[in-house]
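I opened this entry to keep track of what I looked up.

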Protein chains: 2
Amino acid sequence: MSSSPVPVNRQIVLASRPTGRLTTSHFAIVDEAIPEPAPGQLLVRNILLSIDPANRAWMQAATYRDRLEAGQVIDAFTLGEVIGQRNTNVAIGAVVECLHGGWQEYAVVDAEEVRVIDVVAPLQHHMGCLGITGLTAYFGLDRIAKVKCGETLVVSAAAGATGHIVGQLAKLAGARVVGVTGSDNKNRFLCEKLGFDAAVNHHSADLKAELDAACPSGIDVYFDNVGGPLLETILRHMNVAGRVACCGVVSQYDSDSPAPGPRGVPGLLITKRLRMEGFLLTDYHDEWHAASSVLADHVTAGRITPVEAPVDGLQHAPQALLDLLAGRNLGKVMVRVADDPKPTGGQT
Amino acid sequence: MSSSPVPVNRQIVLASRPTGRLTTSHFAIVDEAIPEPAPGQLLVRNILLSIDPANRAWMQAATYRDRLEAGQVIDAFTLGEVIGQRNTNVAIGAVVECLHGGWQEYAVVDAEEVRVIDVVAPLQHHMGCLGITGLTAYFGLDRIAKVKCGETLVVSAAAGATGHIVGQLAKLAGARVVGVTGSDNKNRFLCEKLGFDAAVNHHSADLKAELDAACPSGIDVYFDNVGGPLLETILRHMNVAGRVACCGVVSQYDSDSPAPGPRGVPGLLITKRLRMEGFLLTDYHDEWHAASSVLADHVTAGRITPVEAPVDGLQHAPQALLDLLAGRNLGKVMVRVADDPKPTGGQT
């Protein structure tokens, strides 16, 4: 009580690298000094942290970034407000997307690495349906899956951040849309609230029969967010000239030893002339803004219902990630670290 | 000696369906009457039988044709001469490709199912580099792999019927070409006689190091004829935006229980944005003639060296197939049942 507390940057770091299943004990909270931006850098006050399966994947191995090591701040995509900068063109008060803002209250990032966003909606939309996961759905469908009207599309993790947008976009394209989740409650939600034609529980005792019933004309497109045994099952149900858009392998992230791939690769790919193709959203960076505008129009017009569930408080980020990996989420999971800025806009 | 022998149609049938490794005991020779064509059908005297991994696959399960059952003539692609017909437009003496002429001396086939070929070379070329396997190489490269100059292409079963044409076509496209076989002798042949840049033995104790050495800039295209563990290894060596043309899974045909697929599917497909795509030559049927002309030009000009090894005698077909499945072949394997027709052309 003798003096004001010194402001700190609360962070969540990786206490130790998981070798098996991830638990909260792999995380630690530390308080560090608020960092200073170097020339060309910004100081950003984080507002929303994105919780993604990729947070787990980054602990496992080098992917499109180096592996996360013990002691490092958990890497994450964030939205935040610029509160400091040195020798950049970014205005104080601007809202920026940071690919690597991390699980912390303040981040210093290179100005080159952020994207200033034109705020047209509550920031949770910019993190969800208008952000990374909505854009992933958009480009995965538009560039890889190329679903056509009259075709049947199946999407896994269908109630998840990307999946629930995939399904709604595919409906707009005129496809029959079938979701796969691990929960009957989620499936009811997809069909009753989001307009999916059918949904199947992958825990079903007779998954094949349920897929047959849900997809009477077979499967033309599989938007795969999970990999694993479900991919093997789906491949057997696919029609000639079908496409698999490989978007994620959430079934494999929480493990130190990836399972063997699906039987049927490459045999079924040949007999059915299937195409499997992976993609990363970052490859379409120059087109994000245009695609985000398309998605914003859909949301504004009520053609897409975004499902977003912010969790309040940085300290809850580890549990939010564990819940996501366990399939307990509905829609886009994010953690709120601070309130949205007042809508009066930024000042310099 | 009392009368001329009645002409018969000697056939090789499946004596019993193999449940494990195929042996000569799974085959039997039978003599049947020479069949009569019904209206719309041709009677064809088989000249060359194509020996393909698909002969084995057809015994295993329904693919793009029904499964072959015990008692049935071994199905095979053949070249033969039309010696009878009823109510068709096909001339007696025409040389025809039959997708399902079978392991027999005479075949009755629907006129709709054959392709009359314009004989511009010894028939063994029409069965090899200008036929099914040459065309498979052509369309797999042109439509699926799309190898570009300066890229590195790896082809498995590289000394095989399709592989040795793939490598030579990819060299013509300006690629670095690396073959994979199971034999140092084959590898020397590929590099010394066919112009491959390098070749690797998949039995090598350090396959990864050998691939690294042979592919210093990584692998952009993998033309996969074998599937199995090699596919898993190659995926790890592929460059971002690489392509896998899935052409065959010879490693899996001689078994009743396909092995799990490669680790890395779909994880590596995502992080490296890889595309895997299967194809069947039959989908390009309307373009065979044009592609065959391109290949004939390459052969005539000496830009492609076809490797073909006809085995004389129908009775040797089972062993020829076993040799093929065991990797003992070089180039296109075929069995000669009769001599090429005299080059004077057909008469009606």
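These notes go from the chain contact to the backbone and then to one helix.

**Entry 1: the model**

I am working with a predicted model. I keep that in mind throughout.

**Entry 2: where the chains touch**

I looked up the contact between the two chains. On chain A, 32 residues are in contact with 32 residues of chain B. I then asked which elements of chain A give two or more residues to this side. They are helix H9 (267-271) and strand E13 (275-278) of chain A. I also sorted the residues on the side of chain A that touches chain B: 16 are nonpolar, nine are polar and seven are charged.

Next I checked how the strands meet. E13(A) pairs with strand E13 (residues 275-278) of chain B. The sense is antiparallel, and there are three bridges. I followed one residue across: Arg275(A) has Glu277(B) as its bridge partner in E13(B).

**Entry 3: how the copies are related**

I looked up the superposition of chain A on chain B. A rotation of 180 degrees does it, with 0.1 Å of shift along the axis, and the RMSD is 0.0 Å. The two copies are thus related as by a two-fold rotation axis.

Which residue of chain A comes closest to the rotation axis? I found Gly261(A), with its C-alpha at 2.1 Å.

I wanted to know whether both chains use one surface. Of the interface residues of chain A, 100% are also interface residues in chain B, so the copies meet through the same surface.

**Entry 4: cis peptide bonds**

I went through the backbone next. In chain A, the bond from Val265(A) to Pro266(A) is cis, with omega near 5 degrees. Pro266(A) sits in the loop between helix H8 (250-253) and H9 of chain A.

I turned to chain B. Val265(B) and Pro266(B) are joined by a cis peptide bond too, with omega about 10 degrees. I placed Pro266(B) in the loop between helix H8 (250-253) and helix H9 (267-271) of chain B.

**Entry 5: positive phi outside glycine**

Asn87(A) is not a glycine, yet its phi is positive, about 55 degrees. I found Asn87(A) in the loop between strand E4 (78-85) and strand E5 (95-98) of chain A. Is it buried or exposed? Asn87(A) is exposed, with 10 other C-beta atoms within 10 Å.

Ala241(B) lies in a strand, E12 (residues 238-246) of chain B. I counted 12 C-beta neighbours inside 10 Å, so Ala241(B) counts as exposed.

**Entry 6: helix H10 of chain B**

I checked the length of this helix. Helix H10 (residues 288-300) of chain B has 13 residues, which should span 18 Å at 1.5 Å a residue. Its end C-alpha atoms are 18 Å apart, which agrees.

Which residues of H10(B) are buried? I listed Trp288(B), Ser292(B), Leu295(B), His298(B) and Val299(B). They cover an arc of only 115 degrees around the axis, which puts them on the same side of H10(B). I recalled a general point: an α-helix has 3.6 residues a turn, so residues three or four places apart point the same way.

I asked what this buried side meets. The buried residues of H10(B) pack against helix H2 (123-127) and helix H3 (132-145) of chain B. On the other side of H10(B), His289(B), Ala290(B), Asp297(B) and Thr300(B) are exposed.

I ended just past the helix. Gly302(B) follows H10(B), and its phi is positive, near 80 degrees.

Key
Residues are numbered from 1 along each chain as its sequence is written. Chains are lettered from A and ligands numbered from 1 in the order in which they are written. This is a predicted model: local features need pLDDT of at least 70, side-chain atom pairs count only at pLDDT 80 or more; totals for chains, interfaces and linings use all residues. Two residues are in contact if their C-beta atoms, placed from the backbone, lie within 7 Å. Helices (H or I, at least four residues) and strands (E, at least two) are DSSP runs, numbered from the N terminus. Ala, Val, Leu, Ile, Met, Phe, Trp, Tyr, Cys and Pro count as nonpolar, Asp, Glu, Lys and Arg as charged, and the others, Gly among them, as polar. Two strands pair if DSSP finds at least two bridges between them. Copies are superposed by least squares on the C-alpha atoms of residues with pLDDT of at least 70 in both. A residue is buried if 20 or more other C-beta atoms lie within 10 Å of its own, exposed if 12 or fewer, and partly exposed in between; C-beta atoms are placed from the backbone. The expected span of a helix is 1.5 Å times one less than its number of residues. The arc is that of the directions from the helix axis to the C-beta atoms.
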